[in-house]
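Please keep the sequence and the structure in view while reading.

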Amino acid sequence: MDLSSLSAKEEPQALTLVNPINGLPLVGAVGDGEETPIIWYAFGSDSHTYRDCRRRITNRDAARTSAAGVAKTQRVENLEANGVALLAAVTTGWSQNLTDNDVSPEFNKANAEALLEKYPWLQQQVDAFVHDRSEHLGN
């Protein structure tokens, strides 16, 4: 068995977002008015990008603990925020502007983090996708 055939893809993959109520693809109108599925692009958990981001977040937390001189207990809110920050860090874009009253629709890391934080169903879909090796391994 050639294990290299199961190497991590080092480019973002496409997730079709689905409506959390009915499971149908979320769609939006593009320039010509035609409705197309909304795609979220992200790296997988085996990619160098994901692993580097995870290390950076973990090292940041370890440095904060060391600076205080005492190991502190991580609050659940901090752990959740770290998870959102990691998902936003491995997100590279979406296929069309996402409309929200509180978040600008254009892609950037801050907007990705805000949407993931605001919509737990979106966070769950992106998290499941990022960790789905069938989407992110292979040549």
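## Buried and exposed

A residue is called buried when its relative accessible area is under 20%, exposed when that value is over 50%, and partly exposed in between. The model discussed here is a predicted one.

With a relative accessible area of 9%, tryptophan 94 falls under the 20% limit, and therefore it counts as buried. Tryptophan 40 is likewise buried, because its relative accessible area is 0%.

## A cluster of rings

The count of aromatic pairs in this model comes to three.

How are the rings of tryptophan 94 and phenylalanine 107 arranged? Their centres are 5.0 Å apart and their planes stand at 85°, which is over 60 degrees, so the pair counts as edge-to-face. Tryptophan 94 lies in strand S5, whereas phenylalanine 107 lies in the loop between S5 and helix H3 (109-118), so this pair ties together parts that are 13 residues apart in sequence. Phenylalanine 107 has a relative accessibility of 30%, and because this value lies between 20% and 50%, the residue is partly exposed. Through these ring pairs, Trp40, Trp94 and Phe107 are linked into a cluster.

## One face of helix H4

Helix H4 covers residues 120-130, and glutamine 125 is found in it. Is glutamine 125 buried or exposed? Its relative accessibility is 10%, which is under 20%, so glutamine 125 counts as buried. Leaving aside residues up to four places away in sequence, glutamine 125 touches Leu15, Thr16, Leu17 and Val18.

The buried residues in H4 are Leu122, Gln125, Val126, Phe129 and Val130. Seen down the helix axis, these buried residues fall within an arc of 130°, so they line one face of H4. In general, an α-helix has 3.6 residues a turn, so residues three or four places apart point the same way.

## A nonpolar patch on the surface

Met1, Leu3 and Leu6 form a nonpolar patch on the surface, and together they have about 400 Å² of accessible area. Leucine 6 is placed in the segment before strand S1 (13-16). Its relative accessible area is 46%, and because this lies between 20% and 50%, leucine 6 is described as partly exposed.

Terms used
Residues are numbered from 1 along each chain as its sequence is written. This is a predicted model: local features need pLDDT of at least 70, side-chain atom pairs count only at pLDDT 80 or more; totals for chains, interfaces and linings use all residues. Side-chain values use heavy atoms; hydrogens and water are left out. Rings of Phe, Tyr and Trp (its six-membered ring) pair if their centres lie within 6.5 Å; planes under 30 degrees apart count as stacked, over 60 as edge-to-face and the rest as tilted. Buried means under 20% relative accessible area, exposed over 50%, partly exposed in between (1.4 Å probe, protein chains only). Helices (H or I, at least four residues) and strands (E, at least two) are DSSP runs, numbered from the N terminus. Contact means heavy atoms within 4.5 Å. The arc is that of the directions from the helix axis to the C-beta atoms. Patches are made of residues with over 30% relative accessible area and no salt bridge: like charges are joined within 9 Å, nonpolar side chains (Val, Leu, Ile, Met, Phe, Trp, Tyr) within 5 Å. Accessible areas come from the Shrake-Rupley method with a 1.4 Å probe; for residues, only the protein chains shown count as cover. A salt bridge is a side-chain nitrogen of Lys or Arg within 4 Å of a carboxyl oxygen of Asp or Glu.
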